Amino acid sequence: VAYFCFVYVQFGCLVWIPAFLQESYAMTINRASTIAALILLPGVFASPIAGFISDNYFGGRRKPMLIWGMAILAGSTFFLSLGVNLALATGLLAVVGLMIIMPDILLAAFPSDILSRKLAATGMGFLTTFTSIAGIITTPLSGKIVDVFQSYGAVFLSFAIAALAGTIFTLFIREK
């Protein structure tokens with residue numbers, strides 16, 4: 001369920017950030033798409049660094065970093081929902097770009113960390129099932145939210161709520 005919440009936000013951001021930038025800040029789709037791609041740049045380093053830190057500084061525990069990452073994702077998407085200026089939005093989107101990548105590797109490591117060798121692939125299969133379900137739900141639901149509320153603020157608020165829910169569900173993960 002925590003992974004579903006995370007992927008809901010991840011897919012939603014990947015799909016809706018270009019349109020959000022285009023419509024909210026009167027950008028061309030080319031510029032909005034370029035900025036959307038650039039905000040993922042910190043994510044290039046996020047996964048290996050998150051894995052290294054959780055392995056070497058948290059003794060293989062994923063949960064502490066995951067809780068922080070999901071909480072930061074909730075906060076940054078919440079602030080984006082407030083309709084901030086372009087400079088602040090760009091900074092927040094860079095944080096979002098980092099946080100929609102970093103928790104992914106930590107969540108994906110759980111099946112091999114907490115399940116037996118015989119069940120690890122089954123556990124990963126359930127995670128990817130939630131990935132598919134979240135992807136199926138987030139795109140049209142987010143579009144509906146934008147249409148109903150005539151605002152990308154409402155969709156980013158929904159992302160913040162989902163990330164916060166994911167943070168709370170992560171608290172219940174047993175790492176042993």
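At what angle do helix α3 and helix α5 pack, and how far apart are their axes? Select residues 41-56 for α3 and 86-99 for α5: they pack at about 35°, with axes 7 Å apart, where axes are lines fitted to C-alpha atoms over the stretch in contact and angles run from 0 to 180 degrees between N-to-C directions. Helices here are DSSP runs (H or I, at least four residues) numbered from the N terminus. This is a predicted model, in which local features need pLDDT of at least 70 and side-chain atom pairs pLDDT 80 or more, while totals for chains, interfaces and linings use all residues. Residues are numbered from 1 along each chain, and side-chain values use heavy atoms, without hydrogens or water.

Next, show the side chains at this contact (heavy atoms within 4.5 Å), where P42, G43 and A46 of α3 meet A94, G97 and L98 of α5.

Now move to α6, residues 102-114, where the buried residues (under 20% relative accessible area, 1.4 Å probe, protein chains only) are M102, P103, L106, L107, A109, F110 and P111. Their cover includes α1 (2-24), α3, α4 (63-80), α5 and α7 (120-149).

Finally, select I17, L21 and F156, which touch the most other members of the largest nonpolar core, a set of 49 residues; such a core joins buried Ala, Val, Leu, Ile, Met, Phe, Trp, Tyr and Cys residues through side-chain atoms within 4.5 Å. To this core α1 gives the most, with twelve residues. Around F156, leaving aside residues up to four places away in sequence, look for its contacts with C13, I17, F20, T77, L80 and S81.

Terms used:
Helix = DSSP H or I, 4+ residues; strand = E, 2+ residues; numbered from the N terminus. Buried < 20%, exposed > 50% of the residue type's maximum accessible area, 1.4 Å probe, protein only.
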